[in-house]
Structures are given as C-alpha cells and as structure tokens.
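Let's take a friendly walk through this structure together. Have the sequence and the 3D view open, and we will go element by element.

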Amino acid sequence: MMNRRGLFATLAMLLTAALLPTPAMAKDFVSDRIAVTVEGKGADVILIPGLSSSPRVWAEMTAALPGYRYHKVQVRGFAGLDKGGNTEGNVAAPVAEEISRYIAENKLGKVAVIGHSMGGTMAMMLAARHPDQVGKLMVVDMLPFLGAMFGGPQATPETLKPIADQIMNGMRNSPQDAYAKQLEGTIASMVATESMRAPALDDAMKSDRDVSARAYGELVITNLMPELGKITAPTTVLYVTPKGAPVTDAQMDGFYQASFAPIKGAKLVRVPASAHFIMWDNAPFFQAQVKAFLAA
C-alpha cells in the first residue's frame, strides 16, 4: 500500500500535469487545407510556418514568450500531414483564405499574425485582403515579390512562368537520392545552427513533393507589391543578408526598403548572425523582436 508521502507526491504530480498548458486541436474547425493547434492563454497570435515546414519552428519562441494564446497553423501536405484539399492548384492563396475563415469562425477579432518565409507571404495576403482581421503583422525573411530575385524587378508572372515550371518539374521528378541530397544542401544554407538542421530536414523530407513544388512555383510568380498599400496593420519585417549572396548588407537594406515602401511606417530590421531560419539561428534577437512586436 502507498504511504501518505507517496500518495501526496503522486497527487501533486497529477495535479501539476493537469495544470500544464498542452497543445490542442482547434475545436469545431474542420479544414481540408490546414490544421491548427492552440496553446497558451492571452491575446491571440496566429503563427504560420514556411514552405515544407511545421509548427515546430515556433517551439522555442512560444516557450520563451508565455502569456499569449498561440494558434499554430500547419499547411496540409507539409511535414507529414495529409495533403487534403491541397491536392491540386495553388497553395498559398487558398490557405490564406482558410486562415481568414479560421479567424472569423473563432471570432478572434483583430489578431497578431507572424509568418516565416512562405508563411510571410500568406500573412501579407491575409493582412492585405482581410485588413479587418489583422491587428499586427510580422513578416520573417520574405519579400512581397520573390520572383524579383529570379527575374529582376521588371519580371512578370508571364516571364517567370518558365522558371517556376522548371523548379516545379525538378522538385517533382528528381530521383529520391538526388532530391534528399538537394534538400540537405538547401537546409544547410538556410539553417546556420547545425543542431537545428535535423528537424527542418525531417519536415522537408516528410512533405508531399507535389504540394511543395506547386507552393514554390506559386511563390515565384506571386507579386504582392500592388496589394501592400491595403495593409493597415502596424508591420514589422525581419530579414537577413543570405550567406554567400553577392550583395552587401546595405544593398539588402535598400532592396527591402523599396519592396515594402507601400506599407506606411513599416519597421524593417536586418537580423545579424543568422540564416533564413532566424528563430533558431539568432533566437535571443528574434525573441526580443517578437516580444516588442506583441507588446506594442
């Protein structure tokens, strides 16, 4: 028979476990485009990860910044989740609309939205097309017109389509070994922190190739600059100078300033000592920026 000390210890353990916040699926919301997990209590924050990524990219940040209710979005087809309604056609634009529906059906009002990479594209779509739902916007290392990096600032969806098609065909048709090797190289260039490359690679390898390919192709030909003027939410943009890129910090600053000029008062911050996954490569700096953004 358990003695009193053991009984109290067991009860204390069970009570503590019951009180700890645990992620839960969003109640009463069914979607064939996204899955949403909710954790914490406080003001609502929507978190959108990037291409072939999962909500695990936010784990360190949310642990360091309690006091908010985080809604972590995962795109179907990424990181092992079934592709559902993302089986064909565009991915980013319809997912942005689905996030809008999630906000409306859960009566969240104006929320803070943080998006990384492709998630930043969807965050910009949401803020521009549904300004009544976004109270604050943070874009993490993403431009409103990614295609300019491939075809120059004068590029159009028509001139970029052959490039997008080439990228998509390569992603779909590469032999598995070659595809895995390419992903390893890509992750190594995007995640400077070696210990964090494994989870990013795991997410990418578990992502449906066709969904990722179509999403990437869509990003290449999507130009959101004409829509940025519709964004009314206070906006913060974090970005890096990619390692090995043939540009200086000053040139990257100028490129981002020109790209986000239509958003009045946008705060642009170049993050030092970091590759694309800023939340891992310079976690203290990133968390300080998010803390200030959410508290403002």
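Is glutamate 98 buried or exposed? Keep in mind while looking that this is a predicted model. Glutamate 98 sits in helix α3, which covers residues 92–105. Its relative accessibility is 11%, so glutamate 98 counts as buried, the cut-off for that being under 20%. If you select its surroundings and ignore residues up to four places away in sequence, you will find glutamate 98 touching Phe29, Val30, Ser31, Asp32, Arg33 and Ile34.

Strand β5 spans residues 111–116, and six of its six residues are buried. In a regular strand, side chains alternate between the two faces of the sheet. In β5, one side carries Val111, Val113 and Gly115, while the other carries Ala112, Ile114 and His116. Residues on both of these faces are buried, which leaves β5 covered on either side.

Which strands pair with β5? One is β3, residues 43–48, which runs parallel to β5 and is joined to it by four bridges. Here isoleucine 46 stands opposite valine 113 of β5. Another partner is β6, residues 134–140, which also pairs with β5 in the parallel sense, over six bridges. Glycine 115 has valine 139 as its bridge partner in β6. To get from β5 to β6, the chain passes through helix α4, residues 118–129, and this β-α-β crossover is right-handed. A further bridge pair to look up is histidine 116 with valine 140 of β6.

Valine 140 also leads us onward, as its bridge partner in β7 is leucine 238. Strand β7 covers residues 235–239, and four bridges join β6 to β7 in a parallel arrangement. As for how enclosed β6 is, six of its seven residues are buried, so the rest of the structure largely encloses this strand.

Some of the residues we have just met return when we look at the nonpolar packing. The largest nonpolar core has 47 residues, and within it Ile46, Ile99 and Leu137 touch the most other members. Helix α4 gives the most to this core, contributing eight residues. Apart from this core lies another one of 28 residues, including Met61, Ile187, Val269 and Leu294. Leaving aside neighbours within four places in sequence, leucine 137 is in contact with Val113, Ala123, Met124, Ala127, Ile231, Ala233, Pro234, Thr235, Thr236 and Phe293.

Serine 117 has a positive phi of about 60° although it is not a glycine. Serine 117 lies in the loop between β5 and α4, and its relative accessible area of 13% means that it is buried. Alanine 79 is likewise not a glycine, yet has a positive phi of about 55°. Its place is the loop between β4 (68–75) and α3. Why does alanine 79 count as buried? The reason is its relative accessibility of 17%, which is under 20%.

Our last stop is helix α6, residues 157–173. With 17 residues at 1.5 Å each, α6 should span 24 Å, and its end C-alpha atoms are 23 Å apart, which agrees.

An α-helix has 3.6 residues a turn, so residues three or four places apart point the same way. With that in mind, look at the buried residues of α6: Leu160, Ala164, Ile167, Met168 and Met171. Among the elements covering them are α5 (148–151), α7 (176–190) and α9 (209–221).

Definitions and conventions:
Residues are numbered from 1 along each chain as its sequence is written. This is a predicted model: local features need pLDDT of at least 70, side-chain atom pairs count only at pLDDT 80 or more; totals for chains, interfaces and linings use all residues. Side-chain values use heavy atoms; hydrogens and water are left out. Helices (H or I, at least four residues) and strands (E, at least two) are DSSP runs, numbered from the N terminus. The expected span of a helix is 1.5 Å times one less than its number of residues. Buried means under 20% relative accessible area, exposed over 50%, partly exposed in between (1.4 Å probe, protein chains only). Contact means heavy atoms within 4.5 Å. Two strands pair if DSSP finds at least two bridges between them. A crossover is right-handed if, with the strands pointing away from the viewer, the path from the first strand over the helix to the second runs clockwise. A nonpolar core is a set of buried Ala, Val, Leu, Ile, Met, Phe, Trp, Tyr and Cys residues joined through side-chain atoms within 4.5 Å.
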